[in-house]
Amino acid sequence: MVEETIFSQQIAHTNNKDTTDVGETKSPVKASLGVSEKWDAREAGREVAETAIQNLTRPPDFFLLFSTIHYEKYGGFQEFLNGVWDVLPKGTPLIGCTVPGFLNNYGCYTIGATALAVSYPNADVVLGVGKNTKRDPKNAANQSAEMIKKGLANSQYKNKFLLNIVSGPETWKIPGEGYKKIVDSGFWSKFATLAFGISQYLLQKGSGREDEIFEYLVQKFPEYYMILGASMDDYRGISNYQFFNNKVLTNSLVNLGFATDLDINVCTTHGMKRTNIKFEITKLSKDKHIIKEINQKPAVPELLHILDWPEGFLNEKTMYNIIPYYPISFKRHNREVPTIMPGFLKNSIVTPSVIDVGEVSILTISGRDMINSIKEGLQNFEYIDPEFGLFSTCITILTTLGSKINLIQKEIIGHFKQKPFIMFFSAGEGTYSPERNLTYANISFNTAILGHSK
Amino acid sequence: MILGGMFIKDDPIAKVLDNLMKFDDILACMVARRNMISVEPSGGTNSFKPEVIQIWDEVKRAMEVMFLGISECKNIGKIDFEVYDYNALMYVFPDTDTAIVAIIPSLANKGLVDVELERARKKIQKIREDEEKSK
């Protein structure tokens with residue numbers, strides 16, 4: 001009781017931002033949202049923390065923090081975190097990352113920061129961190145897994161949840177040419193696939209390898225419910241950051257482990273439909289991230305031929321306006337993995353995740369399919385009264401829908417009512433549950449809701 | 001189109017435009033109507049990014065044509081047109097012939113820009129409504 005009184009006094013001075021409606025409840029779970037649209041990093045850090053905790057009557061048991069990349073130029077992320085810690089009680093477990101945007105009860109933002117602060121006595125919380133995710137994803141997963149395992153070893157709570165945030169893809173700057181999605185000419189194109197592998201290991205540029213990390217963590221924690229998101233900047237793929245307590249990290253995995261008596265469910269939905277365009281992946285790179293041959297022919301020319309696109313149709317200008325809308329249903333360990341093709345290296349295609357050879361299909365999706373997909377996803381949670389929720393959603397959905405993303409917000413608010421949720425946009429996402437197994441996908445909604453069964 | 005908007009000290013609408021100008025991808029922005037720029041960012045057209053100057057005359061002429069359409073067709077919400085390697089986005093205030101206009105590179109991520117322009121439109125609309133109420 002004394003601790004609660006002191007805490008209430010600490011937050012009494014905070015700005016009275018209009019965030020009082022969300023999270024007000026008589027439930028023992030106290031979950032509250034914070035938002036800041038300030039441009040200055042330190043001020044934004046303070047404001048997002050103040051608005052997140054001002055409605056709590058107990059100190060938070062954990063604090064999730066998402067921010068857009070612009071603070072890199074407006075004070076830096078260490079200043080941003082310093083601002084958060086000006087307000088947040090010392091010792092509060094904090095993880096988060098940079099994102100291209102986020103959606104919550106208050107709206108959609110592509111500039112700003114948001115936070116979810118949760119306080120609940122019937123839970124154990126532990127954080128994990130793993131470094132050098134692009135260089136050695138297995139080791140990164142193991143580092144974090146050890147911390148989670150140790151931290152929750154004596155937990156009495158049977159329901160376990162793991163939030164996985166992994167550093168997402170970063171394009172490497174080609175000497176003399178800059179950041180490119182298509183490397184089809186010039187000196188570097190001759191060594192493109194070799195350079196890709198070397199840059200990933202030495203420079204930690206390239207694919208995030210979040211799918212590999214996810215697979216390792218699922219092996220370690222098969223009884224957990226999990227959600228995955230890869231951090232990103234504003235879709236340029238130049239830099240991204242992860243937050244771990246008071247540290248700003250790069251190329252890292254950060255985890256929140258949460259053992260509780262709350263009911264938990266997760267699921268992935270995407271709304272993509274198969275077309276009748278199929279082909280066979282016949283040759284992959286050694287690390288299975290690059291398609292070298294399709295139908296036993298060089299991959300890029302054969303793909304253009306299959307899609308009946310003329311040479312030169314795809315270029316730096318058109319790439320990201322066209323290619324995300326031709327996702328491919330790859331296979332991985334007999335699972336379907338719908339993903340987009342983020343780059344071309346001469347005649348090879350880069351994939352965001354590890355894939356297997358075999359037959360694949362081109363998929364299609366519309367804005368309407370995306371909206372229906374979130375409706376479908378929420379139907380899986382009709383038996384849970386939510387206390388709080390997290391959605392890891394593909395950046396392509398945000399760039400496709402733009403401001404129409406508010407249609408999705410309306411669907412979610414219809415389910416959550418006054419309870420807080422954060423949808424953070426990612427560059428690679430998925431869920432895992434013991435019932436549904438692992439799903440990794442692009443252009444997908446990945447939902448995690450914690451609450452009480454009705 | 002007359003170049004030169006209204007300069008009001010501490011104009012809240014100009015502050016909204018100032019925040020939009022902080023985006024790397026927004027090269028110029030203003031609140032405009034046919035024959036007039038109503039409000040510019042606090043620094044005026046000097047705050048526009050240099051590459052806009054080369055295409056500004058063409059954009060102005062095209063905007064005149066677009067505003068004609070906006071005044072004739074009341075249900076137009078947004079207009080997007082391309083000039084060389086740039087796009088001009090016009091977000092019309094409902095039931096008016098005034099729009100927030102932004103110029104962005106054609107390679108910009110339009111989805112992300114759309115979210116922030118929509119937010120700016122709503123903020124400016126609220127400022128205008130509050131100003132009307134206080135009169």
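Analyst: Let's start with the chain as a whole and then look closely at the domain contact. This is a predicted model, in which local features need pLDDT of at least 70, side-chain atom pairs count only at pLDDT 80 or more, and totals for chains, interfaces and linings use all residues. Residues are numbered from 1 along each chain as its sequence is written, while chains are lettered from A and ligands numbered from 1 in the order in which they are written.

The mean pLDDT of chain A is 89; pLDDT is the predictor's confidence in each residue, from 0 to 100. Chain A has eleven helices and 29 strands, where helices (H or I, at least four residues) and strands (E, at least two) are DSSP runs, numbered from the N terminus.

Now for the domains, whose bounds come from an automatic or database domain assignment. Chain A is assigned domain 1 (2–167 + 209–269 + 371–453) and domain 2 (273–364). Their C-alpha centres lie 31 Å apart.

Where they meet, nine residues of domain 1 of chain A are in contact with ten residues of domain 2 of chain A. Two residues are in contact if their C-beta atoms, placed from the backbone, lie within 7 Å. On the domain 1 side, α6 (210–220) and β28 (437–441) of chain A each supply at least two residues. β28(A) gives the most to that side, with three residues.
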